[in-house]
Amino acid sequence: MIALTDTERKQYSNIWVVAEVLSGKIQPVTQELIGAAKELADARKSEVWTVVVGSGISEQAETLFAFGADAVLVVDDPGLARFNDELEANVLIRLIRKYKPEVVICGATSRGRALIPRVAVTLDCGLTADCTGLSIDPENGDLLQTRPAFGGNIMATIRCSNHRPQMATVRPRVMKAPDADPQRTGRIIRETVIGPDRENIKKIIDVFYNTESVVNLADAQIIISGGRGMKGPDGFKLLKRFASLVGGAVGASRAAVDSGWIPYAHQIGQTGQTVQTKIYIACGISGQIQHLVGMQSCDRIIAIDKDPNTPMMQMADLSIAGDVFEIVPEIIRQIPKL
Amino acid sequence: MKIVVCIKQVPAANDAKIDPETKRIIREGQKAVLNPFDTYALEEGVRLKSLLGGEVIALTMGPPKAEAVLREAISVGADRAILLSDRGFGGSDTWATSYALSKAIEKIGDVNLVICGKQAVDGDTAQVGPGIAAHLSLQQATYVMAIQDVTTESITVQRMHEEGYDICELHLPAVITVLKDINVPRVPTLKGRLASQKCDIPVWKPADIGAEPDKIGLDGSPTRVVRTQPPPARNTKSIRIEGTPQECAQALVKDLRLRSIL
């Protein structure tokens with residue numbers, strides 16, 4: 001691939017955040033990314049721009065200044081109400097070609113991980129998935145991107161010196177959202193969807209999002225997770241009660257999912273989701289390696305199991321040796337007393 | 001229906017052993033296996049073929065020993081397999097990998113559907129599927145949990161998101177990436193095993209697929225790994241609680257309060 005010349009590279013400036021929009025609402029990961037982008041922009045003496053693509057999102061776009069956005073690029077169109085990779089990628093590609101950002105970051109969500117590779121490939125750019133750390137190389141101003149590989153067993157630092165923009169996805173809850181400063185203001189730049197953007201796109205027929213009661217695994221602060229030791233669907237009812245009391249999400253090992261005790265959407269591990277929450281409580285999960293690689297990056301791991309010698313009990317920061325069916329109901333009894 | 005299933009050979013997961021110092025997983029002496037998500041991609045390809053007729057072609061890029069996963073693909077029902085293998089492909093990142101695979105798909109010709117697993121469990125990027133779609137300017141659906149309908153013209157799929165799912169209709173040819181939930185992979189039959197041993201697997205080089213030398217391997221990769229390091233050690237001061245259920249529960253509730261969860 002032909003590297004950009006120095007002159008070409010210098011045409012690129014500013015740090016862009018692609019906002020995560022779900023059902024017409026800007027999601028919290030956007031603010032976290034703006035916080036990370038602000039640090040990069042300070043190091044580069046440039047600006048933070050946020051791109052908000054969706055339908056009916058113009059008013060919310062202005063709330064992003066408080067978190068550190070200097071400019072917000074708004075593309076508000078009824079045709080963007082539902083997530084369509086091709087359409088959003090086409091819009092982003094056009095905007096990136098027009099404004100030439102130096103860095104583009106996006107949430108490593110199901111949408112971000114579908115959308116951004118398409119953009120990066122089309123623009124001949126490097127892309128690093130699921131970054132947990134972003135910084136600027138003081139020597140040459142390149143973006144240094146740190147990410148876990150091999151299920152979190154290696155941290156790799158990646159750069160992309162010869163191409164612009166440098167692109168990365170970042171998992172929700174990894175970066176801290178800055179405190180809002182309501183005094184801060186910025187510029188709104190409006191763009192419209194144009195003809196070629198709409199070419200060769202699929203039809204989104206229907207959406208089934210449960211945005212009220214369910215806390216999703218990627219966005220949760222705490223996950224209560226169960227394995228074979230939960231013995232059946234009733235065991236998971238217990239964990240759901242526990243989770244609802246602490247505002248958490250329910251996870252599961254592959255064994256529990258394959259036994260039909262809980263749907264696949266809850267599976268954590270190699271063939272499920274990778275999570276990185278503040279607290280992970282493993283109930284009756286022995287800790288097969290395929291499960292551990294999906295959750296070993298959580299800040300605090302708590303395990304409850306009868307068998308004190310399982311890999312999960314060894315890895316845990318707090319391990320409780322005992323019967324989950326005695327301990328979890330007792331926890332549920334104790335919580336409301338607080 | 002001509003279906004290409006892109007697969008990858010990855011290091012196998014071993015029994016879990018935890019380093020008592022760092023509380024991290026110890027990895028050692030790994031065998032190479034078929035990427036777990038790709039077993040579902042293969043099964044879905046074979047299943048669609050049984051509904052609509054046609055052909056399933058397994059495609060991988062890797063060192064010569066990656067041929068093993070192609071033989072495995074044939075044992076579960078792929079009709080033929082192609083290995084992209086050459087020093088020139090070495091060091092490819094996801095841009096260059098998806099470029100090489102897309103050139104091979106073009107060379108195969110008249111492909112209606114490309115199926116990949118959600119991601120490979122070594123790199124975990126999930127970028128190659130959408131990358132192939134971008135190189136070939138095709139429609140894409142990632143995280144597919146079910147195929148609702150398929151004709152020679154279109155495919156209707158359910159895509160899983162963090163908050164639920166959506167249903168979309170793609171015009172073929174298209175690229176989909178699939179999750180574990182989509183099917184239960186079959187085990188190889190004796191006939192399948194025999195076929196997998198006997199078949200010839202062609203090896204394609206960059207020139208065979210018309211790949212431009214500066215778009216493959218390290219030269220074709222915009223990203224560079226600067227360094228790798230072990231992850232920071234987990235909290236090594238682990239606490240073990242044993243006692244009555246009340247005492248155990250108390251310890252946990254106290255722990256959650258300390259961390260402002262309660």
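Q: Which strand does E1 of chain A join, and how do the two run?
A: In this predicted model, strand E1 (residues 15-18) of chain A is joined to E6(A) by 4 bridges, and the two run parallel. To find the spot on screen, look for A:Val18, which stands opposite A:Cys106 in E6(A).

Q: What about E11 of chain A, how many bridges join E6(A) to that one?
A: There are 5 bridges between E6(A) and strand E11 (residues 166-170) of chain A, again with a parallel run. One pair to click on is A:Gly107 with its bridge partner in E11(A), A:Val170.

Q: Are the residues of E6(A) buried or exposed?
A: Buried: 5 of the 5 residues of strand E6 (residues 103-107) of chain A are, so the strand is largely enclosed by the rest of the structure. Both of its faces are covered, with A:Val103, A:Ile105 and A:Gly107 on one side and A:Val104 and A:Cys106 on the other.

Q: Now helix H4 of chain A. How far apart should its ends be?
A: Helix H4 (residues 85-99) of chain A has 15 residues, and at 1.5 Å a residue they should span 21 Å. The end C-alpha atoms are 21 Å apart, which agrees.

Q: Which of its residues are buried?
A: Those buried in H4(A) include A:Leu87, A:Val91, A:Leu92, A:Leu95 and A:Ile96.

Q: Which strands make a hairpin in chain A?
A: E9(A) and E10(A) form one, with 4 residues between them. In the turn, A:Phe150 has a positive phi of about 50°. Strand E9 (residues 143-149) and strand E10 (residues 154-159) of chain A run antiparallel and are joined by 5 bridges. Within that pairing, A:Thr146 stands opposite A:Thr157.

Q: Which strand of chain B is joined to E10(A)?
A: Strand E12 (residues 224-229) of chain B, through 5 bridges and in the antiparallel sense. Here A:Met155 has B:Gln229 as its bridge partner.

Q: How many residues are in contact between the chains?
A: On chain B there are 79, in contact with 88 residues of chain A. Helix H6 (residues 245-258) of chain B gives the largest share of chain B's side, 10 residues. By class, that side has 34 nonpolar, 23 polar and 22 charged residues.

Q: Let's switch to sheets. What is the order in the open sheet of 10 strands?
A: The order is E13(A)-E9(B)-E8(B)-E7(B)-E10(B)-E6(B)-E1(B)-E4(B)-E5(B)-E11(B), with mixed pairing. Strand E13 (203-209) of chain A and strand E11 (203-204) of chain B stand at the edges, each with a single partner strand, so one side of each has no neighbour in the sheet. Inside that order, strand E1 (residues 2-6) and strand E4 (residues 55-61) of chain B run parallel, joined by 5 bridges. B:Val4 has B:Ile57 as its bridge partner there.

Q: Which residues have the most contacts inside the largest nonpolar core?
A: B:Val5, B:Ala58 and B:Ala73, in a core of 125 residues. Beyond its neighbours within four places in sequence, B:Val5 is in contact with residues including B:Leu42, B:Val56, B:Ala58, B:Ala73 and B:Ile115. Another core, of 55 residues, lies apart from the largest one and has A:Phe242 and A:Ile281 among its members.

Q: Last topic, the overall picture. How many helices and strands does each chain have?
A: Chain A has 10 helices and 18 strands, and chain B comes to 6 helices and 13 strands.

Q: And how much of each chain is buried?
A: For chain A, 56% of the 338 residues count as buried, while for chain B it is 52% of 262 residues.

Q: What about the radius of gyration of chain A?
A: It is 22 Å, which agrees with the value near 20 Å that a compact globule of 338 residues would have. The C-alpha trace of chain A spans about 65 × 45 × 40 Å along its principal axes.

Definitions and conventions:
Residues numbered from 1 in each chain as written. Chains lettered and ligands numbered in written order. Predicted model: local features only at pLDDT ≥ 70, side-chain atom pairs only at ≥ 80, totals over all residues. Contact = placed C-beta atoms within 7 Å. Nonpolar A, V, L, I, M, F, W, Y, C, P; charged D, E, K, R; others polar. Pairing = 2+ DSSP bridges. Core = buried A, V, L, I, M, F, W, Y, C linked by C-beta atoms within 7 Å. Buried ≥ 20, exposed ≤ 12 C-beta atoms within 10 Å, placed from the backbone. Expected span 1.5 Å × (residues − 1). Rg over C-alpha atoms; globule rule 2.2 N^0.38 Å.
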